[in-house]
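Here is a quick tour of one model, starting with its charged pairs and ending with its packing. Have the viewer open as you read.

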Amino acid sequence: MAILDKEIRQILLGRTKLLPDGRLSTLEEGDYMLPRGIVDGAAAVRFLGVMRKAKVLTSDLPDKKLRETVVKAMQNIGRGIELQAAPEECACLLRYVLSRPAVLCFFYDDELPVIAAYTGRGLTGFISLLRAFAKFRKELPDTVKYADEAAPDHRKEERAEKKRAKLEKKQAKLEAKARKQADKKKPKNDGNVQRPAEDGAAKEE
């Protein structure tokens, strides 16, 4: 999920290109983007970060049919997005006049269909998330609804694992530095240390 979050952040910053089919995609190596000035909401994303809210969808539709329904709903409310980090997932960008842009993304997590909304942090960002979910819900048929259960969120686990790895790396550096300092304090044997004469050694005449 960390890779997906980073890609969505790039989209909210406006670092995108237009594909032949009309969808947006993040820039790849070698792509060139003409300067377009500051995109709406980009300042909040750059300085405050991205906020996210996710909901579980409940439906009796088979997975393929549910995905088709979600894609159709997204096409009606925003511009489609091709995600490089997850080509099998579908997403769209929604723009508003009085609040920040938002990205809706549909994926499966722990075998649960999840719809997640992303936008820049802040009061107007929270409003954008509410508007995105409300607008998306209006496009869904009665056979698809928001579930009451909370959507799984593995980002906390990923952040904890990343923090643990960082601490282990830092500890390893400290231990290596301590060993290096200890080696410097050890007396050096330069080969010039005189040894006591052995018994029976020849004396000078």
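## Salt bridges

Glu 28 has a relative accessible area of 44%, so it counts as partly exposed. This is a predicted model, by the way. Glu 28 pairs up with Lys 17 in a salt bridge, with the closest N and O atoms 3.1 Å apart. The two sit eleven residues apart, Lys 17 in strand E1 and Glu 28 in the loop between strand E2 and helix H2. Lys 17 is partly exposed too, at 22% relative accessibility.

The structure has three salt bridges. Arg 23 takes Asp 21 as a partner, at 2.8 Å between the closest N and O atoms, and Arg 23 also meets Glu 82 at 2.9 Å, N to O. Shared partners make one network of Asp 21, Arg 23 and Glu 82.

## Nonpolar cores

Now for the greasy part. The largest nonpolar core holds 23 residues, and among those touching the most other members are Leu 57, Val 70 and Met 74. Helix H3 is the top contributor, giving five residues. Met 74 has contacts that include Cys 90, Leu 104, Ile 115 and Phe 136. There's also a second, separate core of 22 residues, with Leu 12 and Val 56 among them.

## Strand pairing

E3 pairs with E7 in the antiparallel sense over seven bridges, and Lys 55 stands opposite Ile 115 in E7. E3 also pairs with E8, again antiparallel, over four bridges; there, Ser 59 stands opposite Val 144.

Technical notes. Residues numbered from 1 in each chain as written. Predicted model: local features only at pLDDT ≥ 70, side-chain atom pairs only at ≥ 80, totals over all residues. Heavy atoms only, no water. Core = buried A, V, L, I, M, F, W, Y, C linked by side-chain atoms within 4.5 Å. Buried < 20%, exposed > 50% of the residue type's maximum accessible area, 1.4 Å probe, protein only. Contact = heavy atoms within 4.5 Å. Pairing = 2+ DSSP bridges. Salt bridge = Lys/Arg side-chain N within 4 Å of Asp/Glu carboxyl O. Lists of a residue's contacts leave out its neighbours within four places in sequence.
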